[in-house]
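User: I would like to learn how to read side-chain features in a model. Please take me through them one at a time.

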Amino acid sequence: MSTKSTLIILIFSFISLLFLETATAQQKGIFELRNSHSAVKSNSSKLNLQQDRFNFYELSQKLHTTVYISNNAVNHVYGEGKIKKITFNDTQSFNLLGANQYNTVELITINVSQASDLKTVLNLNKINNLESLKYVFIICYFECSAEQIADFITPIPNIRVFHKIETPS
């Protein structure tokens, strides 16, 4: 293979990777909450963000050890081993995040059923034991905006926040 054709293939691959992030988000209906501090400064940062987004999809869409919480109680634990995910079925049970058993959690999913649930604020700065947390995924079962989500959560710079609207049929 000539150097020119190899270069063309590399350029095409790189351009494809740049557009993959947007296409994937739109296909799945999952969007990332961006803040002013998350600007991507280099192509290597973009590639790292794309890999990280892939890791988020892998974690959120596949089976991992998960704790299901609602009404201030653990309702169910799925799987064995280290807990990777917590799913909240309400916004009133965040006080349970203080348990040390959640220090391996990488993803918190929050199911929000009505707009009034977004009045409870999740302040991640106040939770010290979530050393492994990488993502928060908010699923609204009504029309909600990125602004409402931004008011609902106080993020930490190294934790990515994703959201999705899923209207029941």
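User: How many aromatic pairs does the count come to?

Analyst: Rings of Phe, Tyr and Trp (its six-membered ring) pair if their centres lie within 6.5 Å; planes under 30 degrees apart count as stacked, over 60 as edge-to-face and the rest as tilted. By this rule, there are 7 aromatic pairs here. One of them is F56 with Y57, a tilted pair at 5.4 Å centre to centre and 55° between the planes. This is a predicted model: local features need pLDDT of at least 70, side-chain atom pairs count only at pLDDT 80 or more, and totals for chains, interfaces and linings use all residues. Residues are numbered from 1 along each chain as its sequence is written, and side-chain values use heavy atoms, with hydrogens and water left out.

User: Are F56 and Y57 buried or exposed?

Analyst: Buried means under 20% relative accessible area, exposed over 50%, partly exposed in between (1.4 Å probe, protein chains only). Both F56 and Y57 are buried.

User: Why is the pair of F56 and F137 edge-to-face?

Analyst: The planes of F56 and F137 stand at 85°, with ring centres 5.3 Å apart, so the pair is edge-to-face. F56 sits in helix α2 (residues 43-61) and F137 in strand β7 (residues 135-140), so this pair ties together parts 81 residues apart in sequence. F137 is buried, as is F56.

User: Which residues do ring pairs link into a cluster?

Analyst: The cluster holds F56, Y57, Y135, F137 and F162.

User: What share of the residues is buried?

Analyst: Of the 169 residues in the protein chain, 37% are buried. For contacts, the criterion is heavy atoms within 4.5 Å. Among contacts with a separation of 6 or more, 60% join residues 24 or more positions apart.

User: How many salt bridges does the count come to?

Analyst: Side chains of opposite charge can pair when their charged atoms come close. A salt bridge is a side-chain nitrogen of Lys or Arg within 4 Å of a carboxyl oxygen of Asp or Glu. The count comes to 5 salt bridges. One of these joins E32 and R53 at 3.0 Å, N to O. This pair links distant parts of the chain, with E32 in strand β1 and R53 in helix α2, 21 residues apart.

User: What are the relative accessibilities of E32 and R53?

Analyst: E32 is buried, with a relative accessible area of 16%. R53 is buried at 5%.

User: Which other salt bridge does E32 form?

Analyst: E32 also bridges to R160, with the closest N and O atoms 2.6 Å apart. R160 lies in strand β9 (residues 160-165) and E32 in strand β1, so the pair ties together parts 128 residues apart in sequence. R160 counts as buried, at 9% relative accessibility.

User: Where do E106 and K84 lie?

Analyst: E106 and K84 form a salt bridge, their closest N and O atoms being 2.8 Å apart. E106 is in the loop between β4 (85-88) and β5 (107-112), and K84 in the loop between β3 (73-78) and β4. E106 is buried at 16% relative accessibility, whereas K84 is partly exposed at 27%.

User: Which residues do salt bridges that share partners join into one network?

Analyst: E32, R53 and R160 make up that network.

Note on methods
Helices (H or I, at least four residues) and strands (E, at least two) are DSSP runs, numbered from the N terminus.
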